[in-house]
Amino acid sequence: MKKIVYGFLLIFFLILTGCEDKPSDEIIKKQLESLNLIGDVKNYKRINGYRDGNYYIVEYQYDFYINEEKIKNLKSKFQNSPLSAIQLAAVITAIKLKCGNQNPCTLHEKLKFVKGEKGWSVVEE
């Protein structure tokens, strides 16, 4: 009888530890993929994660290597699209304000998540 009880306790424990109640790093890395258009993201590391009401906040850092060749190629692609060229310039300016002349630069950021029926999703602010 004790073996059955211990077996159920073990299964219960395994089920509880298998169900993480926090967003995975893969979701965050997917968010960073868009930066690969103008550079390279390396050395991703989760710093902290915590609940804030109905939200889950993840603090993380990564090294961003600005690639001037990629930027040059994008600028030439968007030459005939003024709106896209303005958006690209805004993104590059924001990154250069954060990084200055450092290449690579280490960026510290936060993402806010909410859990829904289909799992975790990023809350846009």
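The largest pocket in this predicted model has a volume of about 430 Å³. Its lining is made up of 20 residues, and those nearest the centre are Gln 31, Ser 34, Leu 35, Val 91 and Ile 95. Four elements each supply at least two lining residues: helix H2 (25-32), strand E2 (55-66), helix H4 and strand E3. Of the contributors, H4 gives the most, with seven residues. By residue class, the lining of the largest pocket divides into 14 nonpolar, four polar and two charged residues.

Ile 95, one of the residues nearest the centre of the pocket, also belongs to the largest nonpolar core. This core has 23 residues, and the members that touch the most other members are Ile 28, Ile 38, Tyr 60, Tyr 62, Phe 64, Ile 95 and Phe 113. At least two core residues come from each of H2, E2, helix H3 (68-77), H4, E3 and strand E4 (119-122). Here E2 gives the most, with six residues, whereas in the pocket lining that place is held by H4.

Two features of the backbone deserve a look. Most residues other than glycine have a negative phi, and most peptide bonds are trans. Asn 43, in strand E1 (residues 39-52), has a positive phi, near 60°. Asn 103 and Pro 104 are joined by a cis peptide bond, with omega about 10°. Pro 104 lies in the loop between helix H4 (82-99) and strand E3 (105-116), two elements that each supply at least two residues to the lining of the largest pocket.

How far does the predictor's confidence extend along the chain? The mean pLDDT is 84, and 83% of the residues reach 70 or more. Over residues 5-10, however, pLDDT is below 50, and this stretch has zero contacts in the model beyond near neighbours in sequence. Residues 12-18 also stay under 50, and for them the model has zero contacts beyond four places in sequence.

Note on methods. Residues numbered from 1 in each chain as written. Predicted model: local features only at pLDDT ≥ 70, side-chain atom pairs only at ≥ 80, totals over all residues. Heavy atoms only, no water. 1 Å grid on protein atoms, 1.4 Å probe; cavity = no way out; pocket = protein on both sides within 12 Å on 5 of 7 lines; lining within 4 Å. Points joined across faces, edges and corners; volume = space filled by probe spheres on them. Nonpolar A, V, L, I, M, F, W, Y, C, P; charged D, E, K, R; others polar. Core = buried A, V, L, I, M, F, W, Y, C linked by side-chain atoms within 4.5 Å. Buried < 20%, exposed > 50% of the residue type's maximum accessible area, 1.4 Å probe, protein only. pLDDT = per-residue confidence, 0-100. Contact = heavy atoms within 4.5 Å.
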